[in-house]
Amino acid sequence: MKITVIGTGYVGLVSGACLADMGNDVMCLDVDEAKIRQLRQGAIPIYEPGLEEIVRRNAGAGRLRFTTDVAESVAFGDVQFIAVGTPPGEDGSADLRHVLEAACNIARQMTAARVVVDKSTVPVGTADKVRRAMADVLAERGVDFPFSVVSNPEFLKEGAAIKDFMSPDRIIIGADDEHAIDVMRRIYAPFQRTHERVMVMDVRSAELAKYAANAMLATRVSFMNEMANLAEALGADIEQVRRGIGADPRIGYHFLYPGAGYGGSCFPKDVQALMRTAAEHKLSMRVVEAAEAANHLQKLRLPQKVVARYGEDLAGRTFALWGLAFKPNTDDMREAPSLAVIAELTRRGARVRAHDPVAMPRAREILAANTAVEFCDDMYQALDGADGLLIATEWKVFRAPDFQRVHSLLKTPLIIDGRNLYQPAEMRSQGFDYQGIGRA
Ligand code: NAD
């Protein structure tokens, strides 16, 4: 099949590469010329394990190409996937500017029927807006080509995006015409060899399913974070509590880890957009509102522990920070808890020596104005003379460090572990003042 993917970010590039890997002819369009130039030279603008190899293989075989030329990309694919960003607007609602621009571009250039597939996360009703916007453009042009609008929300996780796309838990297709449903089934047939994973539903339910999934996950994280804070106050260990509740199949063990708050490009913005949608319908989502409020507080949990140890004024103190990305195996810094930790520590006068295995280039750009932050290429170098180590991301490389070396490099052997990577008793026996999240 000939497929165009609009947007070459985390979702678009992974989708394009994986669709090409199944033998489709794929053209990826982006407005960002630098990104397209890089991709054409075989360089990958984002960090995503396994992506580079798939892009290289398929570009080399001529099945995956990159362009900034809208006319060329509209002419190319019978199916046009929209995978552009939907960042939060000022009031928290999803900003649909890029989605509508991509859709109108298709309508401006199309000379034959097209199936337009919305993969971006968009509020309920967006498919209708896309349909109307495209119809208006076609009417202005005085032409009438048939087109379908499909909602196909994406559930991949950054850091495991290739695996998630290649073997998805489910493929949601929101569509109301048989031709589009048939096309979508054919596109996804190779991704579900063991069993049927396609769920066809009406467009609005498909659009809402994505928000419901992210809001549920965000709520689960905030629930565990609050339970962890309570465990700490009560002298209980959240790790034991987690084991105790996860065994119940109605609860399950997945996604049950307390930490330093959730971040990333999806949960925070999708939770906000969902609340906005509810407000527009004069409804409130109290559970989701609470999950969001709890998350803001949780992001300050590590600095609070520092303040409890050293006092409100941190002038003259230096802290090592391991982990900048919002989670491991990605360079995505959007809404990362590390940013809140850094802002709070430096606001109180401290200096921060930070290390992340892949997110440092991105972090350097974002934190360029904060002169109290120093980036260290080596994780141990960050510890040198520090008043404590804070851990914000659970990269594998942080799981089993040389503790003797950590101890000898730190000025004070304090570890505030926002990801519960280590065993408290073991850490104490090695002479550390160790504090996790919810671990008495
Ligand atoms: P991103 O910011 O990484 O990439 C978006 C890309 O779209 C950028 O390269 C941008 O230049 C390009 N773009 C913007 N307008 C364009 C236009 N008119 N034509 C062509 N290209 C254009 O975003 P992302 O993280 O890939 O997310 C994309 C969408 O997918 C969002 O709605 C997001 O909520 C959703 N989503 C993201 C994830 C994730 O893990 N990142 C997972 C599921 C769903």
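**View 1. Helices in the shell around the ligand.** In this predicted model, two helices, H1 (10-21) and H5 (97-109), each supply at least two residues of the shell around the ligand. The shell residues divide into nine nonpolar, eight polar and nine charged. There are 26 residues around the ligand, and those that come nearest are Asp30, Lys35, Thr86, Glu158 and Lys269.

**View 2. Polar atoms facing the ligand.** Asp30 places a side-chain N or O atom 2.6 Å from an oxygen atom of the ligand. Glu158 has a polar side-chain atom 2.6 Å from a ligand nitrogen atom. Val31 takes part through its backbone: a polar backbone atom of Val31 is 3.5 Å from a nitrogen atom of the ligand. The protein buries 90% of the 830 Å² that the ligand exposes when taken alone.

**View 3. The ligand between two domains.** The protein chain is divided into domain 1 (2-201) and domain 2 (237-435). Both domains give residues to the shell around the ligand, so the ligand lies between them. The C-alpha centres of domain 1 and domain 2 are 33 Å apart.

**View 4. The contact between domain 1 and domain 2.** Here 17 residues of domain 1 are in contact with 18 residues of domain 2. The area buried between the two domains is about 1,300 Å². Carbon and sulfur atoms give 49% of that area. On the domain 1 side, Tyr10, Tyr47 and Glu158 supply 42% of the area buried against domain 2, more than any other three residues.

**View 5. Thr219 and its surroundings.** Thr219 is found in helix H9, which covers residues 203-234. Leaving aside residues up to four places away in sequence, Thr219 touches Val287 and Ala291.

Conventions. Residues are numbered from 1 along each chain as its sequence is written. This is a predicted model: local features need pLDDT of at least 70, side-chain atom pairs count only at pLDDT 80 or more; totals for chains, interfaces and linings use all residues. Side-chain values use heavy atoms; hydrogens and water are left out. A residue is near a molecule or strand if one of its heavy atoms lies within 4 Å of it. A polar contact is a pair of N or O atoms within 3.5 Å; within protein, one must be able to donate a hydrogen and the other to accept it, and residues adjacent in sequence count only if both atoms are side-chain atoms. Accessible areas come from the Shrake-Rupley method with a 1.4 Å probe; for residues, only the protein chains shown count as cover. Helices (H or I, at least four residues) and strands (E, at least two) are DSSP runs, numbered from the N terminus. Ala, Val, Leu, Ile, Met, Phe, Trp, Tyr, Cys and Pro count as nonpolar, Asp, Glu, Lys and Arg as charged, and the others, Gly among them, as polar. Domain bounds come from an automatic or database domain assignment. Contact means heavy atoms within 4.5 Å. Buried area is the accessible area (1.4 Å probe) that two parts lose on being put together, summed over both.
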